Amino acid sequence: MQQFRIAVIPGDGVGKEVIPVGQRVLEAAVAQEAQLDWHLFPWGSDFYRQTGALMPPDGVEQLRRFDAIYFGAVGDPPHVPDHVTLWGLLLPIRKQLDLFVNVRPIRLFPGIRGPLRDKGPEDIDMIFVRENTEGEYAGVGGRVHVGTPHEVALETSVFSRFNVERVVRFAFELARSRRKHLTSITKSNAQRFGMVLWDEIVQEVARDYPDVTVTSLLVDAAAALMVRAPERFDVAVGSNLFADILTDLGAALMGSLGLAPSANLAAAPGVPSLFEPVHGSAPDIAGRGIANPIGTVWAGAMMLEHLGLTDAARRILRAIERLTNEGKVLTPDLGGTATTEQVGKRIIELLDA
Ligand code: NAI
Ligand code: MG
């Protein structure tokens, strides 16, 4: 039997509630086919309170020997500032492991009433490819004259040809495997340097993919179009910030932020990729056992697919579709009354239905 070593970082808030449910669904789905060896890392805000850091100094090195990383969420406002939690755990993992793209599918599941009156599952089915290691989240900047009326803060975006090209190429490949349409999202009218470079690279790479049609949109227009005509999107590629924002919009189109998954893929072979729900630690509902686990379960399915366990991944997706279609066991964000645990249990029952 195949064995996979998986690092599990539940993190904070609802991360600790949805990850165990995800683990149980994955276990049930792979059953005889593979063995998942989980290794739990209790990193996050509690770890920070005990040790002064979100993870140990060699944390990222510890992760390197795993086949994949299953991540919940990090954030404990107002106790720990959000930039401390994010920059102490998730962002260093993404950057140091060179998890260069963040793949975020957006689909309206059958049975779910999304916020768009006239749009059904056939209209909302897209995948975002988010640049994941630089751009607006490069971490370049500084503050001077701190605390004075003359205080200045600089937050510099970084766009390197090498990185933008590999992200764009990944998006073209993905588009080629789907409906062969790519939307590239920038703001190159107002941002004259990095975003113009991005547009140029898209034009260059497009020559290698004559079978893929390309649309370039400004980010504000893209936001409007996602609401007005989501069916125009197949694969979309955008910068770290823009795709971060637009995928929360995408999650809203799906009916709940709790449904959206993401895969942070490593550029180099042998380096673990990281799979997580799009949502954060949801402090407003944490501790009540009512967080929607579907985004985490779906992220787990993406992890299995990445590990080559495609059959198990497909069965999980089908079980989620059956669950939403029957509409009986849903968490409150989808208008139901079920708990996180009950949804997980029902997904497991539906694996073989
Ligand atoms: P959030 O995603 O945690 O919550 C936004 C809204 O969506 C809340 O009303 C929440 O209840 C709801 N929601 C989120 N996940 C849900 C689920 N599984 N089921 C049902 N409802 C769900 O974003 P927010 O409130 O902006 O941030 C909270 C904390 O999470 C902050 O510390 C933030 O920095 C952190 N965060 C961490 C992320 C990560 O670890 N990848 C991503 C986004 C935010
Ligand atoms: Mg986000």
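1. A residue is taken to be near a molecule if its C-beta atom, placed from the backbone, lies within 6 Å of it. In this predicted model, ligand 1 is surrounded by 26 residues. The closest are Gly75, Gly258, His279, Gly280 and Asn292.

2. By residue class, the shell around ligand 1 comprises 12 nonpolar, 10 polar and four charged residues. Helix H4 (residues 82–96) supplies the largest share of this shell, with four residues.

3. An unreviewed UniProt entry carries the annotation "domain: Isopropylmalate dehydrogenase-like" for residues 5–347.

4. Is S11 mostly covered or mostly open? It is mostly covered, as six of its six residues are buried. In a regular strand, side chains alternate between the two faces of the sheet. Pro261, Ala263 and Leu265 point one way from S11, while Ser262, Asn264 and Ala266 point the other way; all are buried.

5. Which strands pair with S11? Strand S4 (residues 99–107) runs antiparallel to S11 and is joined to it by four bridges; within this pairing, Val103 has Ala263 as its bridge partner. Strand S12 (residues 273–277) also pairs with S11 in the antiparallel sense, over four bridges, and there Pro261 stands opposite Pro277.

6. The hairpin of S11 and S12 has six residues between the strands. In this hairpin Gly270 adopts a positive phi near 85 degrees.

Key:
Residues numbered from 1 in each chain as written. Chains lettered and ligands numbered in written order. Predicted model: local features only at pLDDT ≥ 70, side-chain atom pairs only at ≥ 80, totals over all residues. UniProt positions renumbered as here; feature names shortened; annotations may be inferred. Buried ≥ 20, exposed ≤ 12 C-beta atoms within 10 Å, placed from the backbone. Helix = DSSP H or I, 4+ residues; strand = E, 2+ residues; numbered from the N terminus. Pairing = 2+ DSSP bridges. Nonpolar A, V, L, I, M, F, W, Y, C, P; charged D, E, K, R; others polar.
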